Structure formats: C-alpha cells, structure tokens
Amino acid sequence: MQVKPLRAAVVGCRMGAAHAKAMAQLPDYEVVAVCDIDEERANQLAGELGTAVPFVSYAKMLQEAQPEVVAVATPTALHAEQTFMAIESGVKGICCEKPMATNLADAKRMVNLCKERGIPMIVNHQRRMGKEMVAARELIEQGAIGEVLFVRANCAGDFLTDGTHAVDSALWLLGDPEVEWVFGQVEVPEKPRWRYGHLVENSATAVFQTANGVRVEIFCGEVRERFRAYQDYEVVGTKGRLWRTGDQPLPNLFIQDEKGGTWSPKVVNGHLRPVPDEKGMWRPVEVEPDDTISAMKRSYQLLAKMVREGVEVDHPLSAEKALRGFEVVMAVYESARLHKRIRLPLEQEKFPLELMMAV
C-alpha cells in the first residue's frame, strides 16, 4: 500500500533550497509551498520544484498551505519565533536550521513545546549524517585509535553560527556524552558586528570536558589554524589519530596508527590534505562519495518515519541532542563573560554576548 506523502513547506529560500530539493527527491514528501521575503527568490525556487506555491508571508503560508512538515531555514534570529508559529499552526514535524536559537530560553522552549505537543523536531547539523562522519564514529567505537584522549576542531566564522557545528560534531564523534564543564574566551569587536540577526565576536576559543573524561578544544574565527580547512576535526587516541580534513569532497577522512612518525601536507584543490610518508603512516579511510543533499535526504527520511511512527524513533539530529550542544555554545560565551569555568547545567538563559556588549 502506497503511503500518502507528507505536505511540506520551507521558509527561507536561500538555505532552504537545499531542504526543499532534498525533500522533493523523496516519496515521503510533497513540497507544496515555499516562502521568502524576497519574492523573486521564492518564485524561482517554486518554479524549480514545480509543485510549490510561493509566498512572501510565513503566517499566510502556514494558514493557506497547511503543511504537515516545515523546514525553517531563515536567518538565526528568526528560528525560534518561526518554530513557535509552526507549532501553533498544528504541524506534525519540524526541521530547523542550526543554530536553533540565539538564547537558551528559546531553545529550551522549542524543545519542550514540541515534546508537549508530540511534534518531532530536528536541527540541521547535517554533518552527523555525512558518510565520513558516520565512518569516523564507527572507527572510534570499534577502537581503531584506542581510547580517545581529546578532540580538536577548527572553523572560520563566529562561534554561534559556525562553532555550533564544531561542538555538535565533536559530541557526535564521542557518542553524544554529557558535558561536565566549559571554559571559553571571545574577542569582542570594537564596534558591534551582526550576522544573521545576532551579535558576533571576532574570535573564540573553547575547551570543554565530557563525562567520559575526553577534552574538546575548538578554535574559531580569527584564532583558527589558518592552514586547516573549514570544519576540520582531529581525534587523538592512545593508538592513533583520525583527521577529517574539512568539508571538501572525499577523501577527507584519514587515519594514523599509534607509531606516529612524520607526514607531509599536500595541497589539493586549495585545501590542506595529509598524505602518507615513506612509512605509510597516514592512509585514507574508504568511504563512498557523499554530498549535502544526500545527507539531508537521509535526515528527512528518518524525520518522516518519526512523524508517522512517533517521536520515540531516534534521530541523530534530534532537537534534544541539538539542545545539549547549544547549551555548550552558550556556556562558552558565559564563561568568557564571567572569566571562569562554567559547570553544566547552564543557569544563564539570555545570550551572554549581548550582556557582554550591552547593546
């Protein structure tokens, strides 16, 4: 028996185009509406899909299109409000872009309201669904690099927008453990800077410790390691290391055994990539090619299953998992504000950077 596709809608047609196209490739969904304040952009995406009605008003789209699943892919400052609107409209499932909110109070309310209403919600930390990240987690769980000692991540951008990915990816690689404490520092600009509707810093560093004793170090913005690619992750264990060399096309996952030794960097397509030395210490991990759309497709397939079978179905991108990482992000800013380590749970529910800059 053929299952009726879920009526889906997307708000924010820039980033949302990837969401809409991923859903459009699945029999689980019919994209019936897209929305953007840029009417031309909404019309263009609707035309590419062929099934969607374009809107410039989000409230009108929710009322007239009556979607069952909504993807919120607007600037960060709008995520919470538009998620609340989707909840009140009676949707059955929500995918929100990361970061889920700009403060902990909104993030908690988003998760709690969805729980109360029985609405499955995911947050698009799509790297968790990438095949090389799945392979990396499996290698760690299999003991390929021994006992994990620490994780180091590098990324450009601001910590709320981009560091969010690094925090979430580190937690994913470690099996989503609880976090005990967070220590962070941020460099505040001389004049306020805004991105995606929220204040941003020039640079940020963070160290946090998980309940299983593993340390995570993150360097973001102007203090990142310049010769590392965007979202570069290194996992160091007692018997070797894993290196995900950024988001470039595969191969971007390498493993080194416990013997260590020297290795030579090689630039390929503008990215730094490790290659084996004469002893063959580094070797690429065999992973099938992947892309953002296919990772999103797997995510949306599982979301459809959650909608149809219940929120108890586990999802790597669940809002509950995202909230854990988001709390760490907010704790980094709070640590910088108070100049001390922050033990979780975090009490501060406002955006600490706003308190620091008093704007």
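**Close-up views of a predicted model**

**View 1. I87 and its contacts.** I87 touches I94, M110, L113, C114, R117 and I119, leaving out residues up to four places away in sequence. The model shown here is predicted. I87 sits in helix α4. Its relative accessible area is 3%, so I87 is buried. One of its contacts is I119. I87 and I119 are 32 residues apart in sequence, yet their C-alpha atoms are 7.8 Å apart in space.

**View 2. The largest pocket and its lining.** The largest pocket has a volume of about 1,000 Å³. Its lining counts 43 residues. Nearest the centre of the pocket lie M15, E97, K98, N124 and Q126. Which helices each supply at least two residues of the lining? They are α4 (79-89), α7 (159-173) and α8 (292-309). Sorted by class, the lining has 17 nonpolar, 13 polar and 13 charged residues.

**View 3. Helix α7 from end to end.** Helix α7 spans residues 159-173. D158 caps the N-terminal end of α7. A side-chain oxygen of D158 lies 3.2 Å from the backbone nitrogen of L160. After α7 comes G175, with a positive phi near 90°. Is α7 largely enclosed or largely open? Of its 15 residues, 15 are buried, so α7 is largely enclosed by the rest of the structure. An α-helix has 3.6 residues a turn, so residues three or four places apart point the same way.

**View 4. S299 in helix α8.** S299 belongs to helix α8. Its relative accessible area is 2%, so S299 counts as buried. Which residues is S299 in contact with, leaving aside neighbours within four places in sequence? They are I122, M129, H315 and L317.

View 5. A disulfide is a covalent bond between the sulfur atoms of two cysteines. The structure holds zero disulfides. C155 is in no disulfide, and the nearest cysteine sulfur, that of C220, is 3.6 Å away. The cut-off for a disulfide is a pair of cysteine sulfur atoms within 2.5 Å. C155 has 1% relative accessibility, so C155 counts as buried.

Key. Residues numbered from 1 in each chain as written. Predicted model: local features only at pLDDT ≥ 70, side-chain atom pairs only at ≥ 80, totals over all residues. Heavy atoms only, no water. 1 Å grid on protein atoms, 1.4 Å probe; cavity = no way out; pocket = protein on both sides within 12 Å on 5 of 7 lines; lining within 4 Å. Points joined across faces, edges and corners; volume = space filled by probe spheres on them. Helix = DSSP H or I, 4+ residues; strand = E, 2+ residues; numbered from the N terminus. Nonpolar A, V, L, I, M, F, W, Y, C, P; charged D, E, K, R; others polar. Buried < 20%, exposed > 50% of the residue type's maximum accessible area, 1.4 Å probe, protein only. Polar contact = N/O pair within 3.5 Å; in protein donor to acceptor, adjacent residues only side chain to side chain. Contact = heavy atoms within 4.5 Å.
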